[in-house]
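Please look through the sequence and the model shown here before reading the numbered points that follow.

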Amino acid sequence: MAASANPKLMGGPFVNFEADRSGEIASLATATRSKRIALIELSAAIDKLDLLLGQGADGHSLEPLYCSIPEPLRGYVELFYDRDHQASFRFIEPLMYRSPYYQPDAQSLMLRRVDSDDRPFILSTPRLDSEDSLHWTVPFAEERVDALFKLRSEPASLASVMGLVEGSDDEAALLASFLTDEAPSHGAKYDRPGVRWRYFGHATVLIESRGCTIMTDPVIAYPFAGMSPRYSFDDLPEWIDFVLITHGHQDHLVLETLLQLRERIGTIVVAPNNGGTLEDPSLALMLRTCGFPCVRELSECDQIDFTLGSITAIPFLGEHCDLNIRSKSAYLVRIGQRCIMFAADSRNLDPILYDHVRQMVGRVDALFVGMECDGAPLSWIYGPLLTVKPVHSINQSRRASGSDFRGATAMVDSLGCSEIYVYAMGQEPWLQFMSSIRYSDDSSPIVQSNLLLAAARARGLRAERLLGCKEVVLS
């Protein structure tokens, strides 16, 4: 409770409740240990397999070890050596989603009115029942989820909605308070010459032309009275041809938004993973199993063509604590003569890379680059996946950092950009429940991005750090 009340500790490894709900949390933990015993056994088996390989794999054939694989993992993994004869294993991921370990009954939605940006931190706060929330246990892949979110555009009676969510009589009044008899508004389809892009906050940019609509890393704010400037669901078009997911971190792949948009998304584009390692699960398999019908993997330098344009996958280095994670990609969107690159949290570890990219794609008009250059340490996101805990110095050295001034400047120079937009900084008030970021003027990401903006403007380039919302129309 004390930690929850301290803004400086937001995002830390504690349960985030300002009131004492320890009894409910203890009951939830007990129920979880009972219901999810198969997953707990799977976790223990992963630890045992790591230990087995460390003790029993000495460079000789791994075949004799298959009979010693812990039972929960039998038939679901392949053992292998890397070129330095270090043993490891990979999951056969499609089978895992067909196994007892994929448990859709663990999926649920918590529905409530949003009238404030103040929300508990997403990674450390169990969802407990409350008087203002309706807890709907429903697998994400079910059509009922789409039917609920269709209410943004298609009306239905309270009785039919109650039947949809299987609510009790006691929940009818609460559910009714979520509904309105006013027709919702929609963003008008862009039907002018050229290209328009709209910044929806963080890493979410909507690019529109007459022929195509593309959105990057959707996380959409909710409208409510007294809000800070923002675009919301009311400003979205009825159809989005492509959604581009740069990587799987919780502020870029956001199911809370994606599930609400599923019925109006044509294709979700993701990068392929490296083949079944624990730290790099397949985003495509994950999304397809959650009910997204059209998910396309785009490998580095591959391209999707559409009328008057294309989407090219650009290599994304860094920001993943030096782990071998491939399910990450920057994207270059070309519409007509305009070329815009969304680098997300790419860290420019080797500027020569972008010289090669320039040779491949030509000059880039506008670069969107994240500069959250402090970055969380290795254990913040990946700690639960590490069977050997890193010492403090290693943990602090390996950080999930975006580009700093030097790296971003070299990127701009290599790509020949005339416009630079710093984004994906997690500053929007509606994002802090998942980013836990609150900058001051002397915070390193602000200092570093200020240096970039000043240097760019001194060279006559258009440069801005985006916050809240923005619209630009390109001729």
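**Aromatic rings and nonpolar cores**

1. One aromatic cluster is formed by Trp197, Phe342, Phe368, Tyr421 and Tyr423. The model is a predicted one, in which local features need pLDDT of at least 70 and side-chain atom pairs count only at pLDDT 80 or more, while totals for chains, interfaces and linings use all residues. Residues are numbered from 1 along each chain as its sequence is written, and side-chain values use heavy atoms, with hydrogens and water left out.

2. The structure holds 12 aromatic pairs (rings of Phe, Tyr and Trp, the last by its six-membered ring, with centres within 6.5 Å; planes under 30 degrees apart count as stacked, over 60 as edge-to-face and the rest as tilted). The pair of Phe121 and Trp380 is tilted, because the ring centres lie 5.8 Å apart with the planes at 40°.

3. Phe121 counts as buried at 1% relative accessibility, whereas Trp380 counts as partly exposed at 30% (buried is under 20% relative accessible area, exposed over 50% and partly exposed in between, with a 1.4 Å probe and protein chains only).

4. Arg119 lies over the face of Phe433, at 3.8 Å from the ring centre, and Arg262 over that of Phe292, at 5.2 Å (NZ of Lys or CZ of Arg within 6 Å of the ring centre and within 35 degrees of the ring normal).

5. The largest nonpolar core has 39 residues, and Leu109 and Ile268 have the most contacts inside it (a core is a set of buried Ala, Val, Leu, Ile, Met, Phe, Trp, Tyr and Cys residues joined through side-chain atoms within 4.5 Å). A second, separate core of 31 residues includes Trp197 and Phe242.
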